[in-house]
Amino acid sequence: MMPPYDVALTALGARLDERGVRHSVSVAAMAAHLADTYGLDSEAARLAGLLHDWCKSMTGAELLERAGVLRIPVTDADRAVPYLLHAPVAAAMLKRTFPGIDAAVLDAIGAHTYGSATLTDLDMVVYIADTLEPARTHAGAGELRELVGVISLEELFTRTYADSLRHLIESRRRIHPETVATWNQIVGGEAR
Ligand SMILES: [Fe+2]
Ligand SMILES: [Fe+2]
């Protein structure tokens, strides 16, 4: 059985500070709204949104160590930016904490930092909610929020992801190979 929202929220409160919990609750609400809008399972989206940052307060060293224990593949990109591992490590830990949780929920949590070459609609919903929840005020966030329900989920994700990539490039940050694979999957089908 999936953990009830309240149970998950209480457990999360023991792991994140107040600001982290506020962000998680906001992502949960936006993910549920996106799911409703695009005809997906809003309870799964709400739970994935709530729990996506389960490992956000762990240090880079802790994440690398835990990834090793959980046999999560660690690439050079992860060693350079271990913070990105807070997504896959969360998915693996939550599977043990809440054995009844849907695999689709865990996949969406696991893909919320560097993406996944096999993105599902739920993965896109959680990524968008994390990037565009109302407290996010980066350039373009407001415009993208106004497009919820106006354009397709895939188009909304593509625009949101393009903004994230643009930001990585402009700030000269490293781009994880999975992020590149995600982008190629999104645009791959189109002749250009
Ligand atoms: Fe996160
Ligand atoms: Fe987040």
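Colleague: Which helices do the buried residues of α7 pack against?

Modeller: This is a predicted model, so read each value as computed from it. The buried residues of α7 are Val105, Leu106, Ala108, Ile109 and Gly110. They pack against α3, α6 (86-97) and α8.

Colleague: Take α3 and α7. Are they parallel, perpendicular or oblique?

Modeller: Two packed helices are described by the angle between their axes and the distance between the axes. Here the axes of α3 (residues 42-51) and α7 come within 9 Å and cross at roughly 40°. Angles under 35 degrees would count as roughly parallel, and 65 to 115 as roughly perpendicular. The α3 and α7 pair is therefore oblique.

Colleague: Is the crossing of α3 and α7 left-handed or right-handed, and which residues make the contact?

Modeller: The crossing of α3 and α7 is right-handed. From α3 come Ala44, Leu47, Ala48 and Leu51. From α7 come Ala104, Val105, Ala108 and Ile109.

Colleague: How many nonpolar, polar and charged residues does the contact of α3 with α7 have?

Modeller: The residues in it are Ala, Leu, Val and Ile. Each of these types counts as nonpolar. The contact of α3 with α7 has no polar and no charged residues, and the nonpolar count is 8.

Colleague: Now α3 and α8. What are the angle and the axis distance?

Modeller: α8 covers residues 121-132. The angle between α3 and α8 is about 45°, which makes the pair oblique. Their crossing is right-handed. The axes are 10 Å apart.

Colleague: How many polar residues are in the contact of α3 with α8?

Modeller: On the α3 side are Ala44, Ala45, Ala48 and Gly49. They meet Leu122, Val125, Val126 and Ala129 in α8. Gly counts as polar, so Gly49 goes in that class. The contact has 7 nonpolar residues, no charged ones and, as polar, 1.

Colleague: Move to α6. Is Leu94 buried or exposed?

Modeller: Leu94 sits in helix α6. It touches Leu51, Trp54, Ile101, Leu106 and Ile109, not counting residues up to four places away in sequence. A residue with 20 or more C-beta neighbours within 10 Å is buried. Leu94 has 24 inside 10 Å, so it counts as buried.

Colleague: How far apart in space are Leu94 and Ala67?

Modeller: In sequence, 27 residues separate Leu94 and Ala67. In space, C-alpha to C-alpha, they are 13 Å apart.

Colleague: Where is Ser116 found, and is it buried or exposed?

Modeller: Ser116 is in the loop between α7 (103-110) and α8. Within 10 Å it has 20 other C-beta atoms. The cut-off is 20 or more, so Ser116 is buried.

Colleague: Which residues does Ser116 touch, and what is its distance to Ala181?

Modeller: Leave out residues up to four places away in sequence, and Ser116 touches Ala111, Asp123, Glu178 and Thr182. Ala181 is 65 residues from Ser116 in sequence. The C-alpha to C-alpha distance between Ser116 and Ala181 is 7.1 Å.

Colleague: Step back to the whole chain. How many helices and strands are there?

Modeller: From the N terminus on, the elements run α-α-α-α-α-α-α-α-α-α-α. The count is 11 helices and 0 strands.

Colleague: What radius of gyration does the protein chain have?

Modeller: The C-alpha trace spans about 45 × 35 × 30 Å along its principal axes. For 192 residues, a compact globule would have a radius of gyration near 16 Å. The protein chain agrees, so the value is 16 Å.

Colleague: What share of the contacts joins residues 24 or more positions apart?

Modeller: As background, 37% of the 192 residues count as buried. Take the contacts with a separation of 6 or more. Residues 24 or more positions apart account for 61% of these.

Technical notes: Residues numbered from 1 in each chain as written. Chains lettered and ligands numbered in written order. Predicted model: local features only at pLDDT ≥ 70, side-chain atom pairs only at ≥ 80, totals over all residues. Helix = DSSP H or I, 4+ residues; strand = E, 2+ residues; numbered from the N terminus. Buried ≥ 20, exposed ≤ 12 C-beta atoms within 10 Å, placed from the backbone. Contact = placed C-beta atoms within 7 Å. Rg over C-alpha atoms; globule rule 2.2 N^0.38 Å. Axes fitted to C-alpha atoms, helices over the stretch in contact; angles between N-to-C directions. Parallel < 35°, antiparallel > 145°, perpendicular 65-115°, else oblique. Left-handed = near helix turned anticlockwise from the far one by under 90°.
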